[in-house]
Amino acid sequence: LRVQDSAGAVSSLRSLLDYADRTTALVEAAGAASESGAPLYAGIGDGVLRDAEVLALYRLVLLQALQSKAVSAADAAALESLRLILGMSEVAAARVYEAAAGPIYRSAVEEAVAGELSAAAKQAVAAALADLALPASSAASIGLEVYSARLSGMVENGAILSEEQSEQLKGLRAFLGIEDEAVYAVHEQACAKAYRTSVKQVMGNAGAIPDEYWSGLDTLRERMVLSPDTAQALFVEEAQAKMCEFGTRALEALQEAQKEAQKGDSKGDKGIGGAVSSEVLNLVDFALAARVLTPQSADGVEAEVAATSLKGKFEQRALNELYRQYLIEAFGGSDEAQNQRLLTSLGRLAL
């Protein structure tokens, strides 16, 4: 091994294993086996070989055994003897084994899913798993990797999954034995951008979402296999971004009104508040239309709850001034109907 002679290293290890087996059999036949039950040559590599060398030697013998893409009972017994001789832990050996056998199993899975997802293809995958004796957790992880690769190829450049592609992925999940919940994370990573884009489109310039579009968004969420919580979080983030647009316009209107007031051009009893109240009402109307503000009941009392707000998006002093000017208009405006509308939305604005 130290002179880069892999074949010689494997040959020497095979000779060592054969010698160990024969001498162990002689000792056991003579009735001189260890009282502790420990194998005769267990741990003789401790202190002689570096950790990296131990792993490399085990891997060399393992790779030779895996050349047939299966591990026979004899090979499994030899690998276990070698593990004991080298003083490797079961965990360390398992890691080396999974790292070496995993790619072989992955190739078998990829070959199977490249064609028709038939019963025969599924049996071929099951046979490969049995031959390699990989842990179920490793097989599941590899299956998810293959699935994720297929998904990524479908949504390149932010493409939205078609109904046909969604059905194909559903069939692939069934073939690989993967539950929907297990792919939520990979679908979020792959489809979040496209879902955000769809949310922006249905909001439109005005920000309001027609009632019929809500069912469309839910259908899209199911097609993209996004969890309800993920879809809601993505929607709320886009809604907050839209709210920031309304908030920016309201603050710009406030700044303009303040400049006019300083020039002595205040517009009568509407004051500065009248210049911003319509923009603030647009913000509230959007929050209602986008269901950012929703009624919830607690202890028999129903109240509106905000899924998000402008807090942290603007200076608090600026938001406080917007609220103050809104109050001035609500209580001091000359249009009674407008005042009532402002007062009705007052509690919502505070949220």
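Are Trp214 and Phe235 buried or exposed? Both residues are buried, where buried means under 20% relative accessible area, exposed over 50% and partly exposed in between (1.4 Å probe, protein chains only). The model is predicted: local features need pLDDT of at least 70, side-chain atom pairs count only at pLDDT 80 or more, and totals for chains, interfaces and linings use all residues. Residues are numbered from 1 along each chain as its sequence is written, and side-chain values use heavy atoms, with hydrogens and water left out.

**View 1. The whole protein.** The protein has 14 helices and two strands; helices (H or I, at least four residues) and strands (E, at least two) are DSSP runs, numbered from the N terminus. Of its 351 residues, 36% count as buried. Among contacts with a separation of 6 or more, 72% join residues 24 or more positions apart, a contact being heavy atoms within 4.5 Å.

**View 2. The rings of Trp214 and Phe235.** A search of the whole structure finds two aromatic pairs. One of them, Trp214 with Phe235, is tilted, at 5.3 Å centre to centre and 50 degrees between the planes. Trp214 belongs to helix H9 (residues 211-224) and Phe235 to helix H10 (residues 228-262), so the pair ties together parts that are 21 residues apart in sequence. Rings of Phe, Tyr and Trp (its six-membered ring) pair if their centres lie within 6.5 Å; planes under 30 degrees apart count as stacked, over 60 as edge-to-face and the rest as tilted. The charged end of Arg291 sits over the ring of Trp214, 4.1 Å from its centre; this requires NZ of Lys or CZ of Arg within 6 Å of the ring centre and within 35 degrees of the ring normal.

**View 3. Ser277 in helix H11.** Ser277 is part of helix H11 (residues 271-289). Its relative accessibility is 3%, so Ser277 counts as buried. Leaving aside residues up to four places away in sequence, Ser277 touches Glu329, Gln338 and Leu342.

**View 4. Two loop residues with positive phi.** Most residues other than glycine have a negative phi. Ala133, which is not a glycine, has a positive phi of about 55 degrees. Ala133 is in the loop between helix H5 (119-132) and helix H6 (136-154), and at 54% relative accessibility Ala133 counts as exposed. Val225 also has a positive phi, near 55 degrees, and is placed in the loop between H9 and H10. At 6% relative accessibility, Val225 counts as buried.
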